[in-house]
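Please read the following points alongside the coordinates.

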Amino acid sequence: MLIKGARPYGEGEPVDLLIADGVIAEIGAPDPPAGAEVLDAAGQVLLPGLVDLHTHLREPGREDAETIATGSAAAALGGFTAVFAMANTSPVADNQVIVEHVWRRGREVGLVDVHPVGAVTVGLAGEKLAELGTMAGSAAGVRMFSDDGHCVADPLIMRRALEYSTALNAVIAQHAEEPALTVGAQAHEGERAARLGYTGWPASAEEAIVARDCLLAERAMARLHVCHVSSAGTVDVLEWARPRADGRLSAEVTPHHLLLTDERLATYDPVNKVNPPLRTDADVRRMRTALAEGVLDCVATDHAPHAAQDKDCEWAAAKPGMLGLQTALSIVVRTMVEPGLLDWRGLARVMSERPAEIAGLPDQGRPIEAGEPANLVLVDPAAEWTVRGAELASLAANTPYEDMRLPAAVTATLLRGRITARAGRII
């Protein structure tokens, strides 16, 4: 295949890339073999394929909301070549059988590399460590463990998980939420939630757990990844802890926490209900600068599809979460690239290179150079598109960006040299 006229990282003059046997064979002005497929990039931006550390694919158990097939399609259309599927399925991915099922199903679909995340505790109950070693040694080769959706609240259980993970070369990803502070919580604790009568979710519930876990991980010399940071105070904690962690601490922010605020509460629309909740303008501004400065390492979607009956109801009964895979790149362009906080190379760092490093993926997030795997995404930076939930590839339609005009469009995604998505269609 010949990719003709692409601009790697949006820099310099357009170049041609020859793809052969799943790798970038040559960059410049290669002479393609007769009959080679040509992908005309027309000067568009070429980036390494995106990597998402935080996705909910709902299979097994809630195939009415999402399947590995539909989630993989959404990922490919969003420019992703690797995703990590969280463990809060039904049954929970807390053993070898379930993680190998998710891994194998992802390979069968073949649109994106699906890496299962193993649960830290049995049944996400927070009471007993799951079979971390067995999952790490399985065919799925699990290297990230999380009880996401629940916090590993017991400090002794968390300490043991961190200690055990060091022998597995694994990372523990924490959903930071002190449960005693968030009983019945519905929205960010502040003026808007109080005015509407919603029980508040205080920022300190996140900050306290992150501070505790940073200390536990430091003592255990373990790798800790903080999921979906939402509070400016958490950034303060990470700034303090990072020099002490010797490279073993990482953190992610979601696209929705880069764009949306608790002003959305006034809509009463549960599509805006998410955990952790949408917070204030000041928090959003701090998320953006922290991502630009590297205090936050990467963007992760927390793609959370829900069936209509779980979202089209009163706020208190609605499940938290929103779609993210197909809108993530455009949201990061809107919040980080357009204001000048990141350039395209910086976007590649936070959406591909750094997540791949955190997860230890040797074939993702690689430089666009000859000899490297052809996991790539082509982006039209001048395009605009309107979000329509019903037109997204997910089975669910719970996007908070309905009818929003967004910048930049993924025009093609390649997984090991094979086009998986092109012009908005799965190939």
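Throughout this note, buried means under 20% relative accessible area, exposed over 50%, and partly exposed in between, with a 1.4 Å probe and protein chains only. The model is a predicted one, in which local features need pLDDT of at least 70 and side-chain atom pairs count only at pLDDT 80 or more, while totals for chains, interfaces and linings use all residues. Residues are numbered from 1 along each chain as its sequence is written, and side-chain values use heavy atoms, with hydrogens and water left out.

1. The aromatic rings. Rings of Phe, Tyr and Trp (its six-membered ring) are paired if their centres lie within 6.5 Å, and planes under 30 degrees apart count as stacked, over 60 as edge-to-face and the rest as tilted; by this rule the count comes to one aromatic pair. That pair is formed by Y198 and W315, which are stacked at 5.1 Å centre to centre with 15° between the planes. The two residues are 117 apart and link distant parts of the chain, Y198 being in the loop between α5 (191–196) and β12 (200–201) and W315 in the loop between α10 (308–311) and α11 (328–337). Both Y198 and W315 are buried. Helices here are DSSP runs of H or I with at least four residues, strands are runs of E with at least two, and both are numbered from the N terminus.

2. A charge over a ring. R345 lies over the face of Y9, at 3.9 Å from the ring centre, where the criterion asks for NZ of Lys or CZ of Arg within 6 Å of the ring centre and within 35 degrees of the ring normal.

3. Helix α1. Nine of the ten residues of α1 (68–77) are buried, including I68, G71 and L77. What covers these buried residues includes α2 (96–109), β7 (80–85) and β17 (405–415), with contact taken as heavy atoms within 4.5 Å. Just after α1, G79 takes a positive phi of about 95°.

4. Helices α4 and α6. The axes of α4 (residues 155–168) and α6 (residues 203–220) come within 9 Å and cross at roughly 40°; axes are lines fitted to C-alpha atoms, for helices over the stretch in contact, and angles run from 0 to 180 degrees between N-to-C directions. The two helices, α4 and α6, are therefore oblique to each other, given that angles under 35 degrees count as roughly parallel, over 145 as roughly antiparallel, 65 to 115 as roughly perpendicular and the rest as oblique. Among the residues making the contact are M158 and L162 of α4 and L216 and A217 of α6.

5. Helices α6 and α7. α6 also packs with α7 (residues 232–245), at an angle of about 10° and with the axes 9 Å apart, which makes α6 roughly parallel to α7. The residues that meet include V210, C214 and L215 in α6 and V237, L238 and W240 in α7.

6. Two covered positions. A408 lies in strand β17 and is buried, with a relative accessible area of 1%; among the residues that A408 touches are L329, W344 and W385. A408 and W385 are 23 residues apart in sequence and 7.7 Å apart in space, C-alpha to C-alpha. C151, in the loop between β9 (144–146) and α4, is buried with a relative accessible area of 12%. C151 touches I209, among others, a residue 58 places away in sequence and 8.7 Å away in space, C-alpha to C-alpha.

Definitions and conventions:
Lists of a residue's contacts leave out its neighbours within four places in sequence.
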